Amino acid sequence: MKNIINETLLDPSLKSIYYNGLSDKLSNKISQIKLIVSDLDGTFLSSNGELSHENISSVKSLYNKNINFTLSSGRSDMMCASYIKDCNITLPTISSNGALIRNINSKYVISKTIIKPSIAINIMDFCRDNNLDYMSYNLDKIFFTKGSIRIEKFKSYNKIAIKNHTNPIALNFYDTDNTTNHTHKVIADEGILKILLFTKSKKDLDITIEFLNNIPDISFVLSEKNALDISAKGTSKGEALKILCSHLNIPLENTCVLGDYTNDLSMMKLAGISFAMKNSPKHVQEVATFITDSNDNFGVAKALDFILSKK
C-alpha cells in the first residue's frame, strides 16, 4: 500500500503528500518502535463503526516483529472488548479518555481516576437542567438519559459484541423520579470516570464550556463536534500513555500513536512517532509526525504496513 505521509519533523509546512523517502533520523526512530497505540473511533474503526480485515491483519503482523499494540479510546473499555478480541490484544487498554487503564481480560486495573462526587453531581445536574444528552462512565456501568440519541451507538456495538461472543453493554438510565438507585448522587458516589455530554448547537456548547471553566479539579476536551468529555483534572490520553509506558517499561520515545481528533493530541505530543488520519482536522495533522490515509480507506493498516517496512 502507498502511504500518505507528512514529514513534519523536517518541514512543518508540508501537507499530505505521497512520500517515498525518509531522513535517517526518522527511519531510525521508526525502527525503534516497541509499542503502538491507536485511537478507536475515526481512526481504527471506519465511519460506520466497522473494524476492517486490513486493520486486523496489519495489527497481527506487528506481533511477528515483537511490536506491542493496544487501544486508547474515549469509550469505556467494555465497548472495546470485541475489537480487543479480534486483534488478539493482550495489553491493558486506555479508556474513558485516559481515566482508566485496565486489562479487560483479567480485569486488572493499572490506573483509575474518578471525578470528585460533589463536582460530578453539579455537572450532571447542569446537564439535566439544560436538557442535554449526557452519559456517565463508571468502572463497569454506563448511564444514559431517557431518550438518548447516543444510546443507538451502544445498541449497534451490542449487536457486534453478541455476534463476536463478547459481553454486550448493559444500558442503565438515570433516575429522575427517585424510584431506583440510579440517582446522580448514588452514581457519583460509586465513582465516575468521565461524563460525556452533547450539545445541540454552538451556542449551547459555548454556554456549557463557560459553565465548566468555572469548575475546579476537572479537565474537559472536545472528542467530536459539539461533544465534551469531562474527567478529573489532569486526566488525558497522554497522561495515561505515560503510566502505561512506565508499567510496560517502554520509553515514550519508542512509542507510536495514531489518532484523529483533539483528544488524541496529548498522546501525539508525547510519543516518539505519531500518525494523524487524513480525515482529522488540520490542527491535529499539524502536530502529527505523519499523515496516513482516512479511517474509511484503511489508514491504520497503511501506517502499520509502513512501519513494518522499515523494520
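**View 1. The largest nonpolar core has 48 residues.** Residues with the most contacts inside this core are I36, F44, F69, L71, F275, L304 and I307. Helix α12 (residues 299–309) gives the largest share, six residues. A nonpolar core is a set of buried Ala, Val, Leu, Ile, Met, Phe, Trp, Tyr and Cys residues joined through side-chain atoms within 4.5 Å; buried means under 20% relative accessible area, exposed over 50%, partly exposed in between (1.4 Å probe, protein chains only). The model is predicted: local features need pLDDT of at least 70, side-chain atom pairs count only at pLDDT 80 or more, and totals for chains, interfaces and linings use all residues. Residues are numbered from 1 along each chain as its sequence is written, and side-chain values use heavy atoms, with hydrogens and water left out.

**View 2. Strands β4-β3-β14-β15-β16 form, in that order, an open sheet with parallel pairing.** Strands (E, at least two residues) and helices (H or I, at least four) are DSSP runs numbered from the N terminus; two strands pair if DSSP finds at least two bridges between them. β4 (68–71) and β16 (290–291) each have a single partner strand, so one side of each is left without a neighbour in the sheet. Four bridges join β14 (residues 255–259) to β15 (residues 273–276), and V257 stands opposite S274 in β15.

**View 3. Y134 and Y174 form a stacked aromatic pair.** Their rings are 4.5 Å apart centre to centre, with 25° between the planes. Rings of Phe, Tyr and Trp (its six-membered ring) pair if their centres lie within 6.5 Å; planes under 30 degrees apart count as stacked, over 60 as edge-to-face and the rest as tilted.
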